[in-house]
Amino acid sequence: MTMENAFFRMTGICKSYRMGDEWQPVLKNVDLTIEKGEFLSILGPSGSGKSTLMNIIGCLDTPTEGEYILHGKRVDQLDENQLSVLRNREIGFVFQSFQLLKRQDALSNVELPLIYAGMGVHKRRKRAEEMLCRVGLQDKLHHMPNQLSGGQQQRVAIARALAANPSILLADEPTGALDQKTGRQVMELFRELNDEGRTIIMITHDVSIAANASRIVRILDGELSEGVPEDA
Amino acid sequence: MLKESLRMSLSNIKANKMRSFLTILGIIIGVMAIIALITVMESATGEVTAQFESLGTGKLTVQAGGTALKNGLRETDLRRIEALDNVSGISPTLSQKVSVVMEGELLEDVNAKGYGFAYFRHDPELVAKGRPLVPVDFEQQSRVCLIDSDLAHELFAGVEPVGMQLLIHGIRFTVVGLLADPDVDDVFSMMQAGGGNGSLIMPYTTYMRLFGIKGVTGLEVYIADTSRTDDTVDALESLLDECFNYKDNSYSVINMENLLDVMDTMMGLMTNLLVGIASIALLVGGIGIMNMMLVSVTERTAEIGLRKALGAKPRSIQVQFLMESIILSLLGGIVGVGLGLLVSKLLSNLMNIVFVFSPGAVALGVGFSLAVGVIFGWAPARKASNLNPIDALRSV
């Protein structure tokens, strides 16, 4: 078996939610394999189950059925604490609304995942500075989030996602709160990071944003299909 | 990790200064009340105990009204009391107001006392100058007396009083000694002095003859071994029963130590009661903290979700929130202890008693506030740690 060596493989993932007396299926038998270094877009309208899929990919939720292997580990069998460790090490989240702590400066925000990784104070400060330099914010280390533009805030969030050096950068509508120009700049940064070898999974409903990726999968009514449909 | 939680909690408390302050106000007031009450009560107890002790432990006070036929104790009765086991000595305590004449000048309202030899033997520091009364004075009913500084001031004003003569009740007495001023200026010695123009002490034998008194109505009995006081009281009471023909209410024996014990118990009871009432303030303060923590958890739902997404374990979230409530209440506790000590210092100054610092009260105050922080912070912290990160992130 190559299971232990698999980088990212989902087989027969199902997720149902209980609605009163009935179980409502949200994900139906999803199969997805991603190679290291890929830039994948998951494209789907709202209500298609893409958020649920993202939560499962991001180890925030576990599937009702199916097998999910991330970096050689069976995610679907882990408990809450183990999931926390996995999120910390393997997943770098980028959210639509940035999700920065507004009372802490850029540097402290980037340090956050490193605190939970148990890194010492000097080491993580250095690492956070490096990451902010990487996203081009070397002169904004001590700015508070409200002193930064939307694009800059999203860059801080990307630096934070990269800080713990995760296997996957998982972005949920990363340009959703940005204007077109800054959105393009963020996408450029994503492509650069992908060129450097980062694996990126981006969830979006916007075909033009999804087009930045090297591979697109489409989700509709909980079912996953490869490629862009003709009518899109 | 713990250090990080501490830092995060502090920054959150700082970000909500006003709310944090109002929240801990309850704790401050509760702890302050407890500290102030305990400290003041302990100071007051110490003070009253000291006063009672200065009045004399190790001695029994006998009030012997006697019967219609026998007014007070006779000399033979006194000898029998003195001979009781564990009695180191006795001293009648007779007193009345007299007028004193000195070189033609009349001084009224002087407190004349007739005491026994044991009174002076009991406390050698009573005499500041001259000599105490000695056994021969009692045998011969000598016309000698000791005067206190008030009377010396009234009569002799600057002249050396020892060796001077004065007229009491028309009889000439020689002043043989000057009494020391009592070192504790307390209620009891003030009561004993009885105000007026000072007092003088003469042998009780002389006193009884001078005023034509047949029986001793007031008596102090000194105890040799205070651990056997109760037995001595029993023996004394059965002897007094015999002296007064077993008549009811003919005498009473007051044991200072018993009084002291009763007082201690009462003070302790009072302290517990007051601390109990003050604890209600602490309880209310704790509920305030719980309320603030619950609000804080709701407000920071998104933050909790983010932290969890970034790899925070439920436990780290719980520790962070618990830490916050502990810091809040501990802060309140420390400020409360400080204010409580200040208040009790002011109060004891006001009440003219000696301020006694009580480490126990401080430990209790800090310990209470710590406990409040843990107990009332537990549920909100638990709630925060159990938040589902997906729902939490969606809340923005």
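I began with the radius of gyration, which is taken over C-alpha atoms; the globule rule is 2.2 Å times the number of residues to the power 0.38.

**Ground rules.** I noted that this is a predicted model, where local features need pLDDT of at least 70, side-chain atom pairs count only at pLDDT 80 or more, and totals for chains, interfaces and linings use all residues. Residues are numbered from 1 along each chain as its sequence is written, while chains are lettered from A and ligands numbered from 1 in the order in which they are written.

**Chain B, overall form.** I looked up chain B and found a radius of gyration of 34 Å. A compact globule of its 396 residues would be near 21 Å. I then checked the box around the C-alpha atoms of chain B, which is roughly 105 × 50 × 30 Å along the principal axes.

**Chain B, domains.** I found two domains, with bounds from an automatic or database domain assignment. Domain 1 of chain B covers 2–52 + 261–394, and domain 2 covers 66–249. Their centres, taken over C-alpha atoms, are 58 Å apart.

**Chain B, inside.** I counted 14 helices and ten strands in chain B. Helices (H or I, at least four residues) and strands (E, at least two) are DSSP runs, numbered from the N terminus. Buried residues make up 39% of chain B. I call a residue buried if 20 or more other C-beta atoms, placed from the backbone, lie within 10 Å of its own. Next came contacts: two residues are in contact if their C-beta atoms, placed from the backbone, lie within 7 Å. Among contacts in chain B between residues at least 6 apart in sequence, 85% join residues at least 24 apart.

**Chain A.** I turned to chain A and found seven helices and ten strands. The C-alpha atoms of chain A fill a box of roughly 50 × 40 × 40 Å along the principal axes. I noted 46% of chain A as buried. Of the contacts in chain A with a separation of 6 or more, 68% come from residues 24 or more positions apart.

**Where the chains meet.** I found 18 residues of chain B in contact with 20 residues of chain A. On the chain B side, the elements giving two or more residues are α1 (2–15), α11 (301–309), α12 (314–350) and α14 (389–394). The largest share, five residues, comes from α11(B).

How values were computed
A residue is buried if 20 or more other C-beta atoms lie within 10 Å of its own, exposed if 12 or fewer, and partly exposed in between; C-beta atoms are placed from the backbone.
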